[in-house]
Amino acid sequence: MFPEVRVQRGFMATHGEDEPGDAGTFGRRLLLAVDAKGYGGAGTVRQRQFQEAIQRLLQQAADASGLNREAWVTQEGGDSLFAVLPEGAYEPTLVDAFMRHLETGLRAFNLDREPEAWLRLRAAVHFGETSPAANGFAGSAPVEIGRIRDCAALRAALNQLPQAPLAVGLSATVFRDVVQGKAYTTLRENEFREVPVKEKEYRGAAWIWVPGVDVRQVDLGPAVPERELCDANLVRSKLKVHKVQGRVVGVRAEGAVGNPVEASADIGRVTRDGEVIGVDLRAAGGNP
């Protein structure tokens, strides 16, 4: 269904009756996306090492798990890779065996390296609609898998777990069809943690797995940007006072305890008997 696509040194050539972007090029495929942590801050030599290692480790993991790496259609960019697997590729293999072999390969690569020179990857898996386009791939699935791979929660997992070389995010589709309530893999449902994905215009969810770690016990606070936390219940207060003869209460928010509060006060003069309260938060039961 897809025209043949070959990627060499970052250039994509297409062959077949349909040109990239034609309305007839449509398919639902298994997708993989990976990206390296800390690549931009690495020197030229280390970047070259990372690029070589990513290609080699992906090849080794595919070979060890029985996936035909040569049949992948890929879009590559230094420390990142987006791959469309061939029709019929077995989802449980990519989620389970491939990721386990990839994690093993990363640990071997990092074994004699200083921690700051470790290669650590974020990986995402999705199944959905995509088609070749003039500058890569088009469709909802490439967008979704990219947002999952780059989401704050997956980044936080590697930040909070400095010994982990790999963090994996599954889309809702893949988690539901392959893991949840199933026995297609050696992975258990309780090894995953559902997290919100709010990246650019995309809003959704992902299920995160870090091999050998109970990710449910990890602080993934950055998964919800602080500016968005409980935004619907955010209390903002600005109080400007120059002279007070009695009691002034700027804000009283019943039941708002624990929600974010932004407040500023500009107070000039308060008489001896005066009182100024900028923000008065009370629990739902009425207790301060």
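Helix axes here are lines fitted to C-alpha atoms over the stretch in contact, and angles run from 0 to 180 degrees between N-to-C directions. Helices (H or I, at least four residues) and strands (E, at least two) are DSSP runs, numbered from the N terminus. This is a predicted model, where local features need pLDDT of at least 70, side-chain atom pairs count only at pLDDT 80 or more, and totals for chains, interfaces and linings use all residues. Residues are numbered from 1 along each chain as its sequence is written, and side-chain values use heavy atoms, leaving out hydrogens and water.

**The helix pair**
- Helix α1 (residues 44–65) and helix α2 (residues 91–110) have axes that come within 8 Å and cross at roughly 135°.
- That makes α1 oblique to α2, because angles under 35 degrees count as roughly parallel, over 145 as roughly antiparallel, 65 to 115 as roughly perpendicular and the rest as oblique.
- On the α1 side, the residues in contact (heavy atoms within 4.5 Å) include F50, L57 and L58, while those from α2 include F98, L102 and F109.

**The hairpin**
- Strands β4 (residues 73–77) and β5 (residues 80–84) run antiparallel and are joined by 5 bridges; pairing takes at least two bridges found by DSSP.
- T74 has A83 in β5 as its bridge partner.
- With 2 residues between the strands, the hairpin has G78 at a positive phi near 75°.

- Most residues other than glycine have a negative phi.
- K200, not a glycine, has a positive phi of about 55°.
- You'll find K200 in the loop between β9 (193–199) and β10 (202–209).
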